[in-house]
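Dear colleague,

Please find the structure below, followed by a summary of what was found in it.

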Protein chains: 2
Amino acid sequence: MDLLRERIRREGKILGNGILKVDSLINHQVDPDLMDACGVEFAHQFGNVQATRILTAEISGIAPALMAGLHMRIPVVYARKTRPVTMPDTVYLTIAPSHTKGHMVELIVSPEYLQHDERVLIIDDFLATGATIQGLVRLAQAAGASVVGIGTLVEKTFEGGRESLAYLGVPIVSLVKISSLDNNTITFTD
Amino acid sequence: MDLLRERIRREGKILGNGILKVDSLINHQVDPDLMDACGVEFAHQFGNVQATRILTAEISGIAPALMAGLHMRIPVVYARKTRPVTMPDTVYLTIAPSHTKGHMVELIVSPEYLQHDERVLIIDDFLATGATIQGLVRLAQAAGASVVGIGTLVEKTFEGGRESLAYLGVPIVSLVKISSLDNNTITFTD
């Protein structure tokens with residue numbers, strides 16, 4: 001995904017502790033055209049997994065998940081991190097460590113929108129340690145749904161997330177892979 | 001916007017205390033096709049305000065803002081409610097009461113993505129009391145930017161938000177207007 005890689009190359013900032021700031025295009029400001037192109041690419045990559053639903057986590061997963069859902073023509077559910085008053089009393093809830101917040105967060109999905117016969121495609125902004133995505137997998141499994149694929153905009157291959165998810169035996173697609181942030185340099189890899 | 005009104009008529013649930021649950025299409029599950037149609041309509045309605053940027057608030061504003069941005073071909077910035085580690089030390093911050101959370105929340109925007117020469121279109125999911133949108137207006141004003149329009153998916157006209165924003169003298173567009181949730185009935189209005 002050359003377009004995304006070039007934008008990250010130009011605009012990404014390395015903040016130390018393995019944190020890559022891409023607030024100008026993903027995490028605070030969002031470029032809708034770029035995100036739309038990412039949605040097209042996700043739809044292409046996951047064209048044959050017969051997903052019926054996309055699952056992501058608020059907040060930064062919403063934009064890529066929405067654009068993937070647009071081009072795959074399937075609904076998107078975003079796990080909430082706090083339980084809104086509109087949610088029923090009984091929900092699927094798991095906890096996962098937040099990479100950028102430094103503490104555990106809850107991930108909550110209403111059983112109304114995640115059911116046992118669903119084929120779930122998980123989409124998120126980053127694949128780092130995989131902890132958030134593992135949480136989304138647990139929510140899908142709690143609902144009795146099948147996870148059929150995992151897609152992220154950016155993978156930091158040096159954090160081991162892909163290996164931690166390999167046991168699922170599903171396609172894992174990252175549009176851009178970064179193998180190192182050492183020496184204040186973003187090193188991309190295929 | 002007949003499409004959105006019909007979906008709300010069919011799927012909206014009245015929870016009491018003026019709260020309308022639309023978790024099946026906006027606030028937890030999102031229908032990308034519907035949101036795309038809303039983006040087209042926002043682009044049509046605000047075709048002549050020469051907006052250079054869309055400002056919204058996480059979380060539920062992101063989907064409609066992104067689709068409006070896609071069809072207007074302008075970037076989207078979503079105000080954060082907690083300051084992530086990637087944000088600079090000096091930010092624009094205001095507080096606003098959250099309708100569904102029952103307490104005050106912070107709205108935070110980095111000066112990197114909201115500058116004094118911007119023409120800002122504010123997009124959000126709901127216009128109720130207008131408190132969140134007032135917060136977004138304060139952020140835009142703090143940056144020295146001009147607010148040129150306000151668009152929401154759903155307006156609850158009985159909560160007075162439109163009147164509280166009238167002083168701005170900019171177009172306020174709601175794709176669906178609800179005048180009452182009394183008697184367990186959603187009453188739509190033009």
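The contact draws 33 residues from chain B and 33 residues from chain A, where two residues are in contact if their C-beta atoms, placed from the backbone, lie within 7 Å. This is a predicted model, in which local features need pLDDT of at least 70 and side-chain atom pairs count only at pLDDT 80 or more, while totals for chains, interfaces and linings use all residues. Residues are numbered from 1 along each chain as its sequence is written, and chains are lettered from A and ligands numbered from 1 in the order in which they are written.

On the side of chain B that touches chain A, the elements giving two or more residues are β2 (19-21), α2 (23-27), β3 (29-30), α3 (32-45), α4 (62-72) and β5 (76-79) of chain B. Helices (H or I, at least four residues) and strands (E, at least two) are DSSP runs, numbered from the N terminus. The most, five residues, comes from α4(B).

Because 100% of the interface residues of chain B are also interface residues in chain A, the copies meet through the same surface.

Strand β3 (residues 29-30) of chain A pairs with β5(B) in the antiparallel sense over two bridges; pairing requires that DSSP finds at least two bridges between two strands. Q29(A) has V77(B) as its bridge partner in β5(B).

Yours sincerely
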